[in-house]
Amino acid sequence: MSRFLNREYKELIPYTPGEQPKVKGRLVKLNTNENPYPPAPGVSSVINEKQLQDLKLYSDPEASILTEAIAENFGLEKSQVITANGSDEILAFIFMAFRGETNKIYYPEISYSFYPVYCDVFGAQGVKIPLREDFSVSPEDYYDADGTIVITNPNAPTGMALEINQIEDILSHNRENLVVIDEAYVDFGAQSAVKLIDKYDNLLVVQTFSKSRSLAGARIGYALGNKELITDLNTIKFSFNPYNLDRLAILAGTEAMKDKEYFDTTRNKIIKTREDFVKSLENMGFSVLPSNANFVFAESREISGEEYFTKLRERNIIVRYFNKDKISNFVRITIGTPEEMDMLLEATKEIMGK
Ligand code: PMP
């Protein structure tokens with residue numbers, strides 16, 4: 001640490017991203033919930049020599065073509081959409097903009113581990129609400145909160161989803177609080193809260209191109225909500241980094257959003273692979289939380305989460321392990337191709353001596 005760092009950041013513990021191995025080689029990478037399938041076919045044809053030459057020019061700060069494609073996809077007005085450099089940046093804008101009178105942000109105790117980091121960096125008070133015994137989120141625990149509420153649906157790393165009526169329950173009991181639903185994984189089997197946007201002016205839905213649209217490396221996220229909320233987020237964005245999406249990301253995202261057929265085909269493949277994989281893992285004695293995401297959270301009585309993680313890593317298979325209270329016996333496994341899941345199952349058989 002240098003002597004120049006601001007006093008308030010001296011204790012800051014940054015977010016720890018999952019391992020991004022430099023040499024991919026023989027690795028089976030199931031640790032950061034990326035999509036195993038390539039981006040929609042149209043993406044490679046829009047990024048041509050001319051587009052590369054055009055990189056000499058700044059990008060469109062409003063990312064108009066992308067924003068329009070997103071609005072059209074969801075049947076919303078363009079003024080109800082804002083894009084950013086990954087949904088992480090959208091979340092950062094939200095934590096900057098909406099801390100309200102109390103400066104409190106409520107979120108589930110076990111959830112996306114970036115939320116506490118954003119609280120620390122923006123000086124908010126994070127309020128962690130425990131999950132139920134079965135790892136589900138209890139909507140009643142969020143009734144009449146005195147601050148902003150952030151819920152991941154489906155939750156991460158559990159994969160468990162709330163029903164749309166449960167989300168509405170939280171919204172209707174918090175008319176004076178902003179409720180943010182982080183839907184990074186919603187396309188793999190959960191119900192989106194987007195249809196509630198016109199009914200609740202206290203709702204912001206956050207989504208990403210990183211998972212169901214195979215563009216994690218392009219860094220595109222967006223928020224959907226009523227016009228006033230989006231205007232506020234634009235005020236933050238234009239005060240921070242107006243050209244936050246690069247020219248290639250805008251083109252790639254637009255193509256990916258328009259190709260609904262490819263989107264449906266790939267997400268349905270992943271859902272099917274997940275269902276098959278869960279059955280096989282359960283047959284080997286693992287308990288798997290009910291997942292509506294492109295990953296599963298699993299534990300075994302016969303092997304600790306840490307040992308299973310380590311032994312898979314020795315076999316060039318990377319999953320995610322969180323050495324944290326209540327979840328330290330679990331590993332989170334991204335759903336890859338059927339072949340990748342078979343490799344993981346083979347390795348598991350070997351590890352468990354079955
Ligand atoms: N929300 C959740 C719940 C996530 O797991 C992730 C991915 N790590 C993100 C948001 C951020 O994704 P991205 O910045 O790639 O859009």
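The model is predicted, local features require pLDDT of at least 70, side-chain atom pairs count only at pLDDT 80 or more, and totals for chains, interfaces and linings use all residues. Residues are numbered from 1 along each chain as its sequence is written, and side-chain values use heavy atoms, with hydrogens and water left out.

**Exercise 1.** Determine which residues lie around the ligand and how much of its accessible area the protein covers.

*Solution.* 
1. Take residues with a heavy atom within 4 Å of the ligand; among them are Gly 86, Ser 87, Asp 88, Tyr 112, Asp 182, Ser 210 and Arg 219.
2. Find polar contacts, that is, pairs of N or O atoms within 3.5 Å. A polar side-chain atom of Ser 87 is 2.7 Å from a ligand oxygen atom, and one of Ser 210 is 2.6 Å from an oxygen atom of the ligand. The side chain of Asp 182 places an N or O atom 2.7 Å from a ligand nitrogen atom.
3. Of the 400 Å² of accessible area (Shrake-Rupley method, 1.4 Å probe) that the ligand has on its own, the protein covers 92%.

**Exercise 2.** Identify the residues with the most contacts inside the largest nonpolar core.

*Solution.* 
1. Join buried Ala, Val, Leu, Ile, Met, Phe, Trp, Tyr and Cys residues through side-chain atoms within 4.5 Å, where buried means under 20% relative accessible area (1.4 Å probe, protein chains only).
2. The largest such core has 52 residues.
3. Leu 203, Phe 209 and Leu 224 have the most contacts inside this core.

Note on methods
Buried < 20%, exposed > 50% of the residue type's maximum accessible area, 1.4 Å probe, protein only. Polar contact = N/O pair within 3.5 Å; in protein donor to acceptor, adjacent residues only side chain to side chain.
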